[in-house]
Amino acid sequence: MTRRVRTVAAVAGAFMAGVVVGPMVAAWAQDGGRADTYRLLNLFGDVFERVRAEYVEPINDRDAVENAINGMLTGLDPHSSYLNQRSYRDMQVQTRGEFGGLGIEVTQENGYIKVISPIDETPAARAGVKAGDLITHLNGNSVQGLTLQEAVEQMRGERGTAIKITIRREGADRPIELSLTREVIRPQVVRFRLEGNDIGYVRLTSFNEQTDAGLRRAIQTMRQQAGATGLKGLILDLRNNPGGLLDQAVQVSDEFLDKGEIVSTRARRTEDAQRWNAKPGDIADGLNIVVLINGGSASASEIVAGALQDHRRAIVLGVKSFGKGSVQTVMPIPGNGAIRLTTARYFTPSGRSIQATGIEPDIEVLAQREQATASIPREREADLRRALRNEGGVQQPAGAAIPKLELPAGIAEKVNRLPPDGAPAFDATKPETDFQLQQATQLLRNLAAVQTPTRRAAAR
């Protein structure tokens, strides 16, 4: 592998554009049905010329062709798209951990812009934008008819400039109007602190080039802060983490695993399948780990949660994740941006495809009591138009089933699944009201209390 290919808010596939495109062209040239393909290309040419000649106003040829390409790609699945030169540059900037705008990860659904997750300490998060919100208008203009990329470009802009967004939120009687001021977004992707001087807490907000290095610094710092008493456990918070770079998801998983598979990808051609394995070394030194997930945990987050769950290296707690189990490869087109194309599905170490199903937690703990009786569940990958089906579910050799999670007697029963009435929604900035975090912290303390020093040493 000579270079790394990246994506934004999605898992990246490690395929070079030349490797992918070359064989496709050769196969197409040898295809016995190429006459039909030529006729269809002629159809496109006829329509293009008719539009150029007859549309009520003159059109820009480049815009028309780029719109046609984007239409072809977005018609495949929710995650394939065309990136013009500006969008491609923006994507490269974002994967480096810096970009301009409002600070929200979005997708498109039924013509509206749907918020996957607000990024901590950004204009969107401070204004109260929530995962699941539908953005219906930008500066008073409907987003209906805009592509996702066009809407994103309108939300981005120079630092200090303002934009008004209109939101439709489930349960709200009327639309919510917000005025936001754009900022240069430099999200701190790794946040950490000690919970009660004995439990390490690390929150990963996305997977960019800074994530793994930030995780290592966080654990080293918390060990120093804990002093002689040491840490009793570690919480890895992946809630509302929309994903990012595949290589970072692999590295983060590898930090806690000594051996075994982390993730594999399977493409259209069997020879394009890839597999990533862990190297010796566990930066947590065998500490018990709880991974927190929710419906906003997607893509790279699910790779990490799935790998640690399958190896029984961590207890996954929370609610089912988003369910994005596909790989997008970014293929640069010299002088013309790039295409982001879904090229494979990924599988957890035990062979699970979580596409459109998600990661099921080992212990379900709701963030709000209302989730238990909600008539309309939070939207996930399976609800998106043209989402890939989960074909086959588990694909694994005989005897490779996921081992049953075994906790010391009575430990799991001490975890409260339902928060008290009126518990606030998850807010990473307010740990004192975070019910799922509270249960994870107590679970780790209970585990530490029943495990003898010999058993803890054996775990290392």
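Modeller: Let's start with β13 (residues 261-267) and β14 (residues 274-277), which pair in the antiparallel sense over four bridges. This is a predicted model, where local features need pLDDT of at least 70, side-chain atom pairs count only at pLDDT 80 or more, and totals for chains, interfaces and linings use all residues. Residues are numbered from 1 along each chain as its sequence is written, and side-chain values use heavy atoms, with hydrogens and water left out.

Colleague: What makes β13 and β14 a pair?

Modeller: Two strands pair if DSSP finds at least two bridges between them. β13 and β14 have four bridges, so they count as a pair. In one of the bridges, T265 has Q274 of β14 as its partner. The two strands form a hairpin, with six residues between them.

Colleague: And what is a strand or a helix here?

Modeller: Both are DSSP runs numbered from the N terminus: helices are H or I with at least four residues, strands are E with at least two.

Colleague: Why is α7 called roughly parallel to α8?

Modeller: Helix α7 (residues 211-226) and helix α8 (residues 246-254) pack at an angle of about 25°, with axes 8 Å apart. Axes are lines fitted to C-alpha atoms, for helices over the stretch in contact, and angles run from 0 to 180 degrees between N-to-C directions. Angles under 35 degrees count as roughly parallel, over 145 as roughly antiparallel, 65 to 115 as roughly perpendicular and the rest as oblique. So α7 is roughly parallel to α8.

Colleague: Which residues make the contact of α7 with α8?

Modeller: T211, D212 and L215 come from α7, and Q248, Q251 and V252 from α8. Contact means heavy atoms within 4.5 Å.

Colleague: What leaves one side of β10 and β19 without a neighbour in the sheet?

Modeller: The open sheet has six strands in the order β10-β11-β12-β15-β16-β19, with mixed pairing. β10 (190-195) and β19 (363-364) stand at the edges with a single partner strand each, so one side of each has no neighbour in the sheet. Elsewhere, β12 (residues 233-237) and β15 (residues 289-293) pair in the parallel sense over four bridges, and I235 stands opposite V290 in β15.
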